[in-house]
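Here is a short report on one protein chain. Look at the model first, then read on.

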Amino acid sequence: MPQHLTLLLECPVVIALILISGIGGTFQYGFCVCSMTSPSDFIKELVNKTCVQRYNVFLEQWQVSLIWSFAVSIFCIGGLFGSLVASQLVSKCGRKQCLLFNNIFAVTGGVLMFLSQRAMSFEMIMVARLLYGINAGVSFSVHTLYVTECSPKKLRGMVSVTSSTFISIGKFSAQLLGISEIFGTEDMWPWLLGFNCFTALIQLLTLPLLPESPKHLLLDKGDRQACEKALRRLWGHMDYSMEVEEMLQEKAALQNTRSHTVMELISNKSLRWQLITVIVTFTTLQFCGISAVLFYLFEVFRAAGIREHQLCYVAMGTGLCDLLTALACFMIVGRIGKKALLFKGYMGMSTTLVLLIITLYLKDKVSWMPYCSMVLVFMYIICFSSGPGGTTVSLPGEIFTQSYKSAAFTIACMLNWIGMFLLGIIFPILVDSLGYFCFIIFRFFCTTAGLFVRLYVPEMKNLTVLQIAEEFQKLHCRSAQKLNKQQQSRIKICQTKF
């Protein structure tokens, strides 16, 4: 059994915290991303029936599609708003209280979803999606921050990945519950869309049994006694004196400082490379091509001979692949490190996209080529889930000090939601104009991000936030020194010539 997993099993309260915070945290985000796919035809039918009964108006197909698209995309607007308010909530209320309060949005949204069909109101679905978005926007940052700060330093890399793992669990759960044998029917689809209510209630009932983040108690509240009490509950008899000492060193380094705003983070030159790292990785998280690959999923499987009624089950297989890879990432990240996983993931995705373009181009010319495309789709999902998909979400919490974490997560989440919204608008245009050659654009993002991580991001394995900050400075000081030496050598060459 791996050393990190053995250490985790010695902390049963931390395991409970991972499960409880995850089920009402990033699970909600992953579930909402995929839950609208299965009942799409039923929702469009509800839109038509509502307009006929209420206004005696028969909508055209493009009008129904427009309302449907708005119902889907309003989730991103709610997510953007949630990410903006999360920074203030997490600093004032704490991680645990913020997650508890956040469940109100999911419960309210779930009730609206349950009643939407009976009330013949598609507007209730839109309001519920907006509330789900606010819930996901808050939990996207707070969940990661909470589990990371409650775990021992040796386990932080492994535990932080669980936020991405629960996104994969949420996606797969939505695909599974959305099949016709469960909730994917005309009568049962409101239960699928309202499922977030149940997971939120689970967290509401169980999270009060767990302690607040020790780091928040010591650094933000200044209560060392409460911090040590929380550590004893979380880690049992494990020696936590070293972690407390490191937290006190961080507190001393941040003496008389408060939680900084987004603008203060942007204007701080000493944190410029950490900020650029967050911008590059979170922008690429949406523009890496995962949406494009999933868009061509059914086309690839149809060409490979999969029957129409079996497509949803094969697509569910990709969700299972995503989930299993995310679990594997959880197991190996403590040993390999995030930098290596990010770099290998980006470059693997970049290579796979090139091969996928070739196989899609040749699918009508070579009989066995669609099977190659099918294999490449699964390879791409594995590269994404084991690299960027598994490690990006928790990155701001590991490379920024306590006073800048909230602002960093706000920027990261804003980039994620804005990227998702823009991709939803731009992607259909790209597909109509370029077809599968749109993968070239996404490959550019993957390659650029991979090279950036390789050259400008230090390894973070088993390092504190202050040590990671020092590594960033060392790395970029060396880069600056090399650049200066190159410039000086060029000047000398020019002087000798003239």
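## Terms and ground rules

A residue is buried when its relative accessible area is under 20%, exposed when over 50%, and partly exposed in between (1.4 Å probe, protein chains only). Ala449 counts as buried, at 1% relative accessibility.

This is a predicted model, where local features need pLDDT of at least 70, side-chain atom pairs count only at pLDDT 80 or more, and totals for chains, interfaces and linings use all residues. Residues are numbered from 1 along each chain as its sequence is written, and side-chain values use heavy atoms, with hydrogens and water left out.

## The whole chain

The protein chain has 26 helices and 0 strands. Both are DSSP runs, numbered from the N terminus: helices are H or I with at least four residues, strands are E with at least two.

How does the radius of gyration fit a compact globule? For 498 residues, such a globule would have a value near 23 Å; the protein chain has 24 Å, which agrees. The radius is taken over C-alpha atoms, and the globule rule is 2.2 Å times the number of residues to the power 0.38. Along its principal axes, the C-alpha trace spans about 70 × 70 × 45 Å.

Of the 498 residues, 53% count as buried. The accessible surface of the chain comes to about 22,300 Å². Carbon and sulfur atoms hold 65% of that surface. These areas come from the Shrake-Rupley method with a 1.4 Å probe; for residues, only the protein chains shown count as cover.

Contact means heavy atoms within 4.5 Å. Take the contacts between residues at least 6 apart in sequence: 81% of them join residues at least 24 apart.

## A helix pair: H5 and H24

Two packed helices are described by the angle between their axes and the distance between the axes. Helix H5 covers residues 61-93, and helix H24 covers residues 402-434. Their axes come within 9 Å and cross at roughly 175 degrees. Axes here are lines fitted to C-alpha atoms, for helices over the stretch in contact, and angles run from 0 to 180 degrees between N-to-C directions. H5 and H24 are therefore roughly antiparallel to each other. The cut-offs are under 35 degrees for roughly parallel, over 145 for roughly antiparallel and 65 to 115 for roughly perpendicular, with the rest oblique.

Which residues meet? On the H5 side they include Ser73, Phe75, Cys76 and Leu80. On the H24 side they include Thr410, Met414, Trp417 and Phe421. By class, this contact has 13 nonpolar, 7 polar and no charged residues. Ala, Val, Leu, Ile, Met, Phe, Trp, Tyr, Cys and Pro count as nonpolar; Asp, Glu, Lys and Arg count as charged; the others, Gly among them, count as polar.

Trp68 is found in H5. Trp68 counts as buried, at 16% relative accessibility. Leaving aside neighbours within four places in sequence, Trp68 is in contact with Met36, Ser40, Ile43 and Lys44. Ile426 is in H24. With a relative accessible area of 36%, Ile426 is partly exposed.

## Buried spots elsewhere

Ala449 lies in helix H25 (residues 439-456). Beyond neighbours within four places in sequence, Ala449 is in contact with Val280, Thr284 and Tyr346.

Asn135 lies in helix H7 (residues 122-149). Is Asn135 buried or exposed? At 1% relative accessibility, Asn135 counts as buried. Its contacts, with neighbours within four places in sequence left aside, are Gln28, Asn102, Asn103, Phe105 and Ala106.

Phe400 lies in the loop between helix H23 (395-399) and H24. Phe400 counts as buried, at 0% relative accessibility. Beyond four places in sequence, its contacts include Leu265, Leu271, Val278 and Val465.

## Two loop residues with positive phi

Asn56 lies in the loop between helix H4 (40-55) and H5. Phi of Asn56 is near 60 degrees, a positive value in a residue other than glycine. At 60% relative accessibility, Asn56 counts as exposed.

Met120 lies in the loop between helix H6 (95-116) and H7. Phi of Met120 is near 50 degrees, again positive in a residue other than glycine. At 21% relative accessibility, Met120 counts as partly exposed.
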